[in-house]
4 protein chains.
Amino acid sequence: MLLRDPVHGLISFESDDATIVPLLLQTREVQRLRRIRQLGLTCLAFPGATHTRFAHALGAAHVMQHFVARLRKIHGGLPFWQRLTSERAREAIAAAFLHDLGHGPLSHLFEDALKHSELLGGRAKPHEYYTEQILLDPSTDVGRVLRDTDSELPQRVAALVRGEHELPYLARTVSGTFDVDRCDYLLRDAHATGVSYGEYDLPWLLRSLRFAETSGDVAPGLAIDGLKGLSAIESFVLARLFMFQQVYFHKSTRAGEWMIRSILIRALQLLRDGTRLPQMPKAMLAFATGREPTLGEYLQLDDQMLLEAINQWRDAADPILSDLCERLRARALFKTEELFGSACNPRERARIDGLARQVAEDAGLEPDLYAGVDVAQDTPYSDDASLTVVMDEGGRARRPAEVSFVLDRLRDETLTRARLIFAPELRPAIRALLAKES
Amino acid sequence: MLLRDPVHGLISFESDDATIVPLLLQTREVQRLRRIRQLGLTCLAFPGATHTRFAHALGAAHVMQHFVARLRKIHGGLPFWQRLTSERAREAIAAAFLHDLGHGPLSHLFEDALKHSELLGGRAKPHEYYTEQILLDPSTDVGRVLRDTDSELPQRVAALVRGEHELPYLARTVSGTFDVDRCDYLLRDAHATGVSYGEYDLPWLLRSLRFAETSGDVAPGLAIDGLKGLSAIESFVLARLFMFQQVYFHKSTRAGEWMIRSILIRALQLLRDGTRLPQMPKAMLAFATGREPTLGEYLQLDDQMLLEAINQWRDAADPILSDLCERLRARALFKTEELFGSACNPRERARIDGLARQVAEDAGLEPDLYAGVDVAQDTPYSDDASLTVVMDEGGRARRPAEVSFVLDRLRDETLTRARLIFAPELRPAIRALLAKES
Amino acid sequence: MLLRDPVHGLISFESDDATIVPLLLQTREVQRLRRIRQLGLTCLAFPGATHTRFAHALGAAHVMQHFVARLRKIHGGLPFWQRLTSERAREAIAAAFLHDLGHGPLSHLFEDALKHSELLGGRAKPHEYYTEQILLDPSTDVGRVLRDTDSELPQRVAALVRGEHELPYLARTVSGTFDVDRCDYLLRDAHATGVSYGEYDLPWLLRSLRFAETSGDVAPGLAIDGLKGLSAIESFVLARLFMFQQVYFHKSTRAGEWMIRSILIRALQLLRDGTRLPQMPKAMLAFATGREPTLGEYLQLDDQMLLEAINQWRDAADPILSDLCERLRARALFKTEELFGSACNPRERARIDGLARQVAEDAGLEPDLYAGVDVAQDTPYSDDASLTVVMDEGGRARRPAEVSFVLDRLRDETLTRARLIFAPELRPAIRALLAKES
Amino acid sequence: MLLRDPVHGLISFESDDATIVPLLLQTREVQRLRRIRQLGLTCLAFPGATHTRFAHALGAAHVMQHFVARLRKIHGGLPFWQRLTSERAREAIAAAFLHDLGHGPLSHLFEDALKHSELLGGRAKPHEYYTEQILLDPSTDVGRVLRDTDSELPQRVAALVRGEHELPYLARTVSGTFDVDRCDYLLRDAHATGVSYGEYDLPWLLRSLRFAETSGDVAPGLAIDGLKGLSAIESFVLARLFMFQQVYFHKSTRAGEWMIRSILIRALQLLRDGTRLPQMPKAMLAFATGREPTLGEYLQLDDQMLLEAINQWRDAADPILSDLCERLRARALFKTEELFGSACNPRERARIDGLARQVAEDAGLEPDLYAGVDVAQDTPYSDDASLTVVMDEGGRARRPAEVSFVLDRLRDETLTRARLIFAPELRPAIRALLAKES
C-alpha cells in the first residue's frame with residue numbers, strides 16, 4: 001500500500017511487519033477516524049487545521065516503521081531474546097496505528113465535556129478505555145483482524161498502547177516522552193496550522209537512537225547518541241512548547257471548546273429532565289440516563305454527527321441551548337481576557353471565577369455556561385528515564401537535562417495560561433471587574 | 001486581521017482596500033464554506049485533502065491583495081481612468097473572497113450529480129448561479145455587508161465573478177487562465193495532498209506582471225515580462241496538468257464521486273416516488289418535486305449535512321440506497337479499469353458503457369448505478385489572450401505559446417482519462433468483457 | 001560516517017556496501033573537488049550557486065544508496081546471477097561518488113575553452129579521460145584505495161562510469177537518462193540557485209522503479225511502474241528543461257564563460273609566443289607547448305588556482321589579457337543580444353557572427369575575443385530504452401513517450417538559445433547591426 | 001534589479017530608497033565579498049557551507065527593505081521628525097548592504113589569527129575598522145558611490161554600522177539583538193549547512209514590530225506586539241543557540257580554524273625572521289614588519305588568495321609551515337577532546353592547556369602550534385532594551401524575559417564549549433593525560 005502524505009511524503013506499508021496495516025485500514029473503526037478532526041475546533045482559529053485522526057494514525061504507524069528499522073540496525077548487540085522480532089515489530093506498528101481508536105467527537109473535547117459534567121458524577125470514561133474496548137471486543141472489525149492474525153494480538157496491542165511490554169524500549173516508542181504519537185502530531189499540526197515552530201528534525205532523532213547501557217537480563221531502555229542527537233531532542237521539546245503556546249492554548253480554540261462544553265452540558269441537562277432533542281446520538285442519551293453506552297453506540301459518535309446535531313439544536317425549544325448552538329454555528333465565539341501574575345494562582349482564579357459567573361447571572365445569562373475561568377497547563381519537559389543520553393562510546397546513560405543547556409533550564413517548569421471566557425456582551429462588565437481587581 | 005495559513009504563511013487584511021474582508025468573514029454564508037471541502041471526496045485517496053473552501057477563499061483574497069499591490073506598482077503609466085482605484089481594488093478583493101460562495105456540498109460533486117439526473121430534466125442550476133444569488137439577495141448577510149459599503153457593490157462583485165469589468169485586466173485576475181482562484185487552489189491542493197507537482201513560483205509570476213501594449217481608450221490586458229516570468233507561467237500550466245493527472249482524475253476519487261452520484265440519483269428517485277427518507281435536506285426535497293429550492297434551503301446544504309444524511313440512509317428501506325450508503329461509509333469503493341487507445345474514443349466508450357451496464361444487470365444490480373464509463377477531460381493549455389507575453393521593452397504582446405518551448409507543444413492538446421467504474425463484485429465479469437474486447 | 005547535506009538532509013555511509021566511501025573521501029583527488037564549483041561561473045548570475053563538485057559527489061553516492069536499496073527490494077524475481085550483490089553495490093556507489101573526478105577548473109568551462117582553442121588542434125582531452133586516468137593510475141590515492149579493496153575495482157568502476165556493466169540496469173543508474181548524477185544535480189542546483197523549478201519527486205521515482213520484462217539470460221533493464229511513477233519521470237524531465245532555460249543557459253553565465261574562454265585562449269597564445277605569465281599552472285604550460293600535462297600537473301588545477309592566476313594576470317604586459325582579466329574580476333560582464341527566429345538557423349548565425357567580429361575589429365578590439373555568436377542547445381527528452389514504463393502487472397515495457405501526455409509532445413524536440421555576446425562598449429554598433437538585419 | 005536568492009526567493013532593489021544598491025553592487029569592494037566565505041572553514045564539516053559574504057550582504061539589504069516597509073506602516077503615530085524619511089531608509093539599506101565590507105579572508109578567521117599573534121603585539125585591527133575605512137576613504141569605489149549620492153552619506157552609513165543614529169530604532173535594525181545581520185545569517189547558514197534548527201519565522205517577527213511607548217522628544221525604541229510576535233522572538237533566540245551548538249562550535253570547524261591560525265602565526269614568524277615565502281599577500285608582509293597595510297593591500301586579501309598561498313607554502317623550506325599546510329590541504333584535521341565539568345573552569349583549562357603543550361613538545365612538535373585548549377563561548381540571550389515587548393494596546397514596554405516562559409529561563413546564561421585540539425598522532429598521549437586527570 002502506497003499513500004501520499006503531506007507531512008511524510010511517501011508512506012508505504014509493504015514490509016512483512018506492516019502488512020497488517022492495510023487490513024486494519026479497511027475496518028469500520030479505523031475509517032471512523034476520518035470523521036474525527038485531530039485538533040477539534042482549532043480550525044476556528046487556524047483555518048487549515050482540518051486534518052483528521054485518520055491521517056495521524058497513518059503517520060504514527062509510518063514513524064513506527066522508521067523506529068523499527070532503526071532499532072533493528074542496533075539490536076544486534078542485545079541478547080537474542082531482547083531483539084525486535086517480526087512479531088514484536090508488527091504489534092508495535094499496529095499499536096501505533098490504533099492508539100487513538102477510542103477518541104470521541106472533536107478529539108479530547110467530547111471527553112472533557114463529559115468529565116466536567118456534574119450530571120455524570122465522574123462516571124465518564126476516558127478515550128483510552130474505549131480504545132481498549134475496541135481492540136478487545138469480539139464485535140469489532142479491528143478486533144477480528146487482530147485475532148485472525150494472532151489470538152493474543154488484541155491483548156498485546158492493548159498492553160502496548162497502555163505503555164506495557166516485555167521490551168521497555170519498545171513500550172516507550174508507543175507511549176513515552178518521545179513516542180511516535182508526538183513525533184507525528186507535532187509535524188502534522190505544524191503543517192496544517194502553518195505554525196512553523198512545531199518542526200523538529202525527525203531523521204536525525206531516529207538516526208541518533210541507541211540502547212542505553214543495561215545490566216543483567218532486563219532489556220535496555222532507549223538512549224540518544226548525545227553528540228549527534230541532543231539538538232534533535234531539544235528542538236523536539238521546544239517544538240512542543242511552541243505548539244502549546246501558539247496553537248493548543250490559543251484563545252479562540254479555548255473559547256470554542258468552552259462553548260461546546262456548555263452546549264453538551266446543557267443538552268445533557270435537558271435530556272435528563274426528559275426533553276427530547278432532534279438528532280440526538282444514542283450514546284448521549286445513554287450518558288444522560290446514567291447508562292453506559294454500548295460500544296456500538298459509542299462508535300457512532302463522530303464530528304459530523306455531533307456538529308450536525310448542534311446544527312439541528314438551533315431550533316430547540318430551550319432558549320439557552322438554541323442560543324449557544326446558534327452562536328457556535330455562526331462562529332460568534334466567546335471572548336477572553338488573560339489573567340496575569342497573582343490573578344493566576346489557584347485561589348485567586350477561583351475567586352475571579354465566582355465574580356465572573358456573578359456578572360453573567362446579573363446579565364440574565366446562565367452563570368455556569370456563559371462565563372468562567374479557563375486554565376490551561378503543560379509541563380514542557382520533565383526529566384524522566386524514558387530516553388537517556390549517552391555522550392561517548394561506553395559512557396553511562398544520563399538524563400537529558402544533565403547534558404543539555406536548554407533542557408536543564410526548562411526541567412519541570414510549568415507553563416500556565418489562565419483566562420476569563422465569557423459571552424461577548426459581558427465584555428464591559430468583565431473589564432470593569434478586572435480593572436477593579438488590578 | 002491576521003491569520004496563519006499553511007500555504008501562504010501570514011495572511012493579513014489590513015489595508016483600506018481589504019477591510020471589507022473581516023466584515024464578510026463574519027457572515028453566515030462565508031462561515032458555511034468551512035463546512036465544504038475543497039476537493040470533495042478526494043480525501044478518500046489522499047488522506048490529507050480535508051481542506052475547505054473557506055481556507056481557499058481566504059487564500060484567493062490574499063493572492064488578490066498581491067495582484068493589487070503589483071498592478072499599483074505598474075499602473076502609473078496608464079491614463080488615470082484606467083488605474084486601480086481603491087474602490088476597484090476593494091471589489092476585486094471581495095470578488096476573490098466570495099467567488100465560491102454558491103458551491104453545494106462536496107464542491108462540484110453535488111452539482112454534477114444533479115446535472116446528471118434525468119429526473120431534474122437539466123433544470124439544476126450551476127454553483128455560479130447560487131453565488132450570484134447570495135451576492136444579490138436582500139436576505140443574505142453577505143449582500144447586506146456589500147450594500148452597506150456601497151449600494152452598487154453587490155452588482156459589481158457579481159459582474160467581476162462572471163469575469164466582467166470595465167478594466168479587462170482586473171476581470172482576468174478574478175476569472176482567467178491565471179486567476180487568483182487557480183493561483184491559490186494549485187498551491188493549496190498540492191500542500192494538502194502532498195503532491196509536490198502542484199507547486200509553481202507565485203512571487204516570480206506576480207513580479208513579472210506588466211500591462212500589454214494597448215491602443216486608444218481601451219484599458220490594456222495583462223502581460224508577462226517574458227525574460228523574467230515565462231518559466232513561472234510554464235510551470236503554472238504544468239503544475240495544473242500534473243494535479244489533473246495525479247489528483248483530480250485519481251481513480252479512487254472518481255470512484256467515490258460515482259458512488260455519491262448514484263446515491264443522490266437514487267435518493268431523488270425515491271423521493272419522487274413518495275418515499276420518505278430521514279434527515280433529508282429540504283433543498284433535495286425541492287429538487288425531487290421539481291421545485292426550485294429557496295436560497296435559504298440551498299444554503300443549509302453542506303458536507304456535514306449531506307454525509308450525515310447518507311449515514312442515516314444506511315437504514316433506509318430501499319435496499320439499493322441502503323447498500324450504496326453502507327459501501328461509501330465503509331470506504332468499500334467501486335473499482336476501475338482504465339480504457340486505453342481506441343477504447344477511448346466516444347463511440348467505443350458508449351458501446352463499452354452499454355456492455356458494462358449489461359454486466360451489472362446480469363448480476364442483479366441496478367445498471368445505471370453500479371457500472372458505467374467515466375470520462376474525465378481537461379485541456380491544460382489553450383493559447384488565449386487573457387495573458388500575453390512581452391519579450392522586450394516596447395515589444396509587442398505575443399501569445400505565450402509563441403515564445404514558450406513547452407507551451408507551444410501543449411497548446412490545445414486535450415488530456416482524456418476514460419475508465420470503467422463498477423462494483424467490486426463485478427470485476428471478474430468486467431475483466432472478461434475487456435479481454436474479449438481487446 | 002554521518003553528514004548534513006542541505007539537499008538530502010542526513011547522509012550516511014554505513015552499510016557494508018558503502019564503507020569504501022569514507023576511505024575514498026580522504027583521498028587528495030576527492031578533496032580536490034572541494035575546490036571546483038559545480039556550476040563554474042553561474043554564481044555571477046545566481047549568487048547562491050557556490051556549491052562544489054565535492055558536495056555533488058556525496059549527493060550522487062547518497063542517491064545511489066537509495067537506488068541500491070530499491071533494486072534489492074525487487075531483484076528477488078531475477079535469476080541469482082543477475083542480482084545486485086554486495087560487490088556490485090559497492091562498485092556502483094564508488095562509481096557514483098567518483099564519476100566527476102576528472103573535471104578541470106570551473107567544471108565544464110576549462111575543458112570547453114581548450115576544446116575551442118585552435119592552438120591545441122583538438123588535442124585537449126575531455127574530463128572523462130582524466131576521470132579514468134585518476135581511477136587507473138598507480139600514483140593516485142583513489143586508485144590505491146580501490147585496488148586495496150579489490151584489484152579489479154579500478155577497472156570495474158571506470159567501466160561503470162563509462163556506462164558499461166554486465167548488469168545494464170546498474171549501468172543506467174550511473175549513466176543514463178535518469179542517473180544518479182542528474183538526480184542529484186537537479187536538486188542541488190535548484191537548492192543553491194533558488195530556482196524552484198528544478199525540483200522533482202525523488203522518493204516517488206525511486207519507489208516506482210521495477211525491472212522491465214526480459215527474455216533469456218540477458219539482465220533486464222530498468223522500468224517505472226507507470227501508475228505510480230510516470231509523473232515523477234515527467235517532472236524530472238521538465239525540471240531539467242527548466243534548469244536549462246533558467247540557469248544553465250542564463251545570459252550572464254554564458255557571457256562570463258565567454259570571457260573565461262577568451263582569457264584562456266589569449267593566455268595560451270602568449271605562452272606559445274614565449275611570453276611568461278605569473279602564477280601559470282603547469283598544466284597550461286604543457287598545453288601551450290603541445291605537451292600532454294602529467295596527471296599530477298592536471299590535478300593541481302582547480303578554481304582557486306585558475307581564478308588567482310587570472311587575478312595576477314591583471315598586471316600582465318599584454319593589454320588584451322590584462323583588460324579581459326580586469327573586466328572579469330570586477331564583474332564587468334560582456335553584454336548579450338538574443339537572436340530569434342530565422343537569425344537562429346546555422347547559416348544565418350555564421351553570417352551574423354562574422355558581422356559582429358567585424359564590429360569588434362572596427363572598434364579596435366581583438367575580433368575573436370570580444371564579440372561573436374554563442375549557441376546553447378539541449379534536447380530535453382529523447383525517448384530511449386534506458387528507462388521504460390510498465391502500465392500494469394505483466395504488461396509490456398513501453399517507451400515513456402508512448403504513455404506520457406507531456407513527454408510525447410517533447411520527444412526529440414531541441415531547445416536552442418542563440419545570442420550575440422560582445423564587450424559592453426560595442427552595444428550601439430551591435431544594435432545598429434541587428435536593426436539593419438531585422 | 002532582480003535576483004534569485006536561495007533563502008529569500010525573489011530579491012529586488014527597485015524602490016527609490018534602494019536604487020543605491022545596484023550602484024554599490026558594481027564596486028570592487030562589494031564584488032570582493034564574492035571571494036570571502038561567510039563561514040570560513042565550516043565547509044570542512046558541512047560541505048554545503050560555501051556561501052559568501054556577498055550573498056549575505058544582499059540578504060541583509062533585502063531584510064532591511066522589509067524592516068523599512070514595516071516601520072513605515074507604523075511610523076504615522078510618531079512626530080514627523082522621528083519618521084523614516086527616504087534619506088534615512090536609504091542609509092539604513094546601504095548600511096545593511098555594506099556592514100561586512102571590512103572582513104578579511106575566511107571571515108572572522110584571519111582577524112582572530114592576527115589577534116592571537118603575539119608578534120603583532122595586539123596592533124591588529126578588527127574588521128569593523130576596515131569597514132569604516134572602506135566607507136570613508138576617498139580612493140574606494142564604495143566611498144565614491146556614497147559621496148556622489150550625498151556628501152554626508154559615508155559618515156552616516158559608517159555611524160549606522162557602528163549602531164549610532166538619531167533614530168535609535170533604526171540603529172537597532174543595523175546593530176542589535178534582532179538586527180538584519182542576524183536575521184539573514186541565521187536563515188542563510190541554516191540553508192547552506194542543512195541544519196534546520198536555524199530557522200525562525202521572519203515574516204511574523206516583522207509583522208509584529210511596533211514602537212515602544214516613549215516620552216518627550218526622544219524617538220522611541222522598537223518593540224514587539226507580544227501576542228503576535230513573542231514566539232517569533234523566542235524561536236529567533238533558540239535558532240541562534242542551536243546554530244552555535246551545532247555549527248559555529250562544531251569540532252571540525254574549530255580544529256580547521258586552529259590549523260589556519262597556526263599556519264598564519266608560523267608564516268608571520270618566518271617573515272619576521274626574514275624568510276621569503278611565495279605568493280605572500282602584501283598585507284601580511286606589512287603585518288609581519290610591524291607596518292599597517294595600506295587599504296589597497298588589505299583589500300587584495302580574500303579566501304582565494306590566502307588558500308592559494310597556503311597551497312604554495314606546502315613547498316616551503318620550513319618543515320613546520322610545510323607540514324601544517326599539507327595537512328590542511330588534504331583535510332587531515334587536528335583531533336579534539338571535549339572538556340566537561342570542572343575541567344571547564346578557566347583555571348583548570350589553563351593547566352590542561354599547559355599539559356597538552358608539553359605532550360606536543362615531548363613528541364617533537366612545536367607546542368604553540370600543535371596542541372592546546374580551545375574555548376568557545378556565547379550568551380544566547382541577554383535581556384536588553386534593544387527590543388521590548390508590549391502585551392496589550394497602551395501597555396508598557398517590558399523586557400522579553402519578563403513575559404517569555406523560555407527567555408526568562410535562558411537570560412544571561414552562558415554556553416561554553418571547551419576542547420583540547422591536537423595533531424592526530426598525539427591522540428594516545430592526550431587520552432592518557434585526560435584519563436589520569438579524571
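# A walk through the chains

Begin with chains A and B: a rotation of 180 degrees, with 0.0 Å of shift along its axis, superposes chain A on chain B with an RMSD of 0.0 Å.

A word on the ground rules before moving on. This is a predicted model, in which local features need pLDDT of at least 70 and side-chain atom pairs count only at pLDDT 80 or more, while totals for chains, interfaces and linings use all residues. Residues are numbered from 1 along each chain as its sequence is written, and chains are lettered from A and ligands numbered from 1 in the order in which they are written.

**Stop 1: chain A against chain B**

Stay with this pair and select the contact, where two residues count as touching if their C-beta atoms, placed from the backbone, lie within 7 Å. Chain A brings 27 residues and chain B brings 27 residues. On chain A, colour strand E1 (2-5) and helices H2 (28-32), H3 (53-74), H10 (180-193) and H16 (303-313), each of which supplies at least two residues to the side that touches chain B. Helices (H or I, at least four residues) and strands (E, at least two) are DSSP runs, numbered from the N terminus. H16(A) gives the most to this side, with four residues. By class, the side of chain A that touches chain B has twelve nonpolar, ten polar and five charged residues. Here Ala, Val, Leu, Ile, Met, Phe, Trp, Tyr, Cys and Pro count as nonpolar, Asp, Glu, Lys and Arg as charged, and the others, Gly among them, as polar.

**Stop 2: chain A against chain C**

Now bring chain C into view. This contact takes eight residues from chain A and eight from chain C. E2 and helix H11 (202-207) of chain A are the elements giving two or more residues to the side of chain A that touches chain C. That side has four nonpolar, two polar and two charged residues.

**Stop 3: Ile11(A)**

Next, pick Ile11(A), found in strand E2 (residues 9-12) of chain A. Ile11(A) is buried, with 21 other C-beta atoms within 10 Å (20 or more make a residue buried, 12 or fewer exposed, and anything in between partly exposed). Leaving aside neighbours within four places in sequence, Ile11(A) is in contact with Leu3(A), Asp5(A), Leu58(A) and His62(A).

**Stop 4: the sheet in chain D**

Move to chain D and show its open three-stranded sheet, with order E3-E4-E7 and mixed pairing. Strands pair if DSSP finds at least two bridges between them. E3 (209-211) and E7 (387-390) of chain D stand at the edges, each with a single partner strand, so one side of each is left without a neighbour in the sheet. E3(D) and E4(D) (residues 222-225) pair in the antiparallel sense over three bridges. Phe211(D) stands opposite Leu222(D) in E4(D).

**Stop 5: two helices of chain D**

Finish with H6 (residues 127-136) and H7 (residues 141-149) of chain D, which pack at about 55 degrees with their axes 6 Å apart. Axes are lines fitted to C-alpha atoms, for helices over the stretch in contact, and angles run from 0 to 180 degrees between N-to-C directions. That makes H6(D) oblique to H7(D) (under 35 degrees is roughly parallel, over 145 roughly antiparallel, 65 to 115 roughly perpendicular, and the rest oblique). Display Ile134(D), Leu135(D) and Leu136(D) of H6(D) with Val142(D), Gly143(D) and Leu146(D) of H7(D), which make the contact.

Conventions:
Copies are superposed by least squares on the C-alpha atoms of residues with pLDDT of at least 70 in both.
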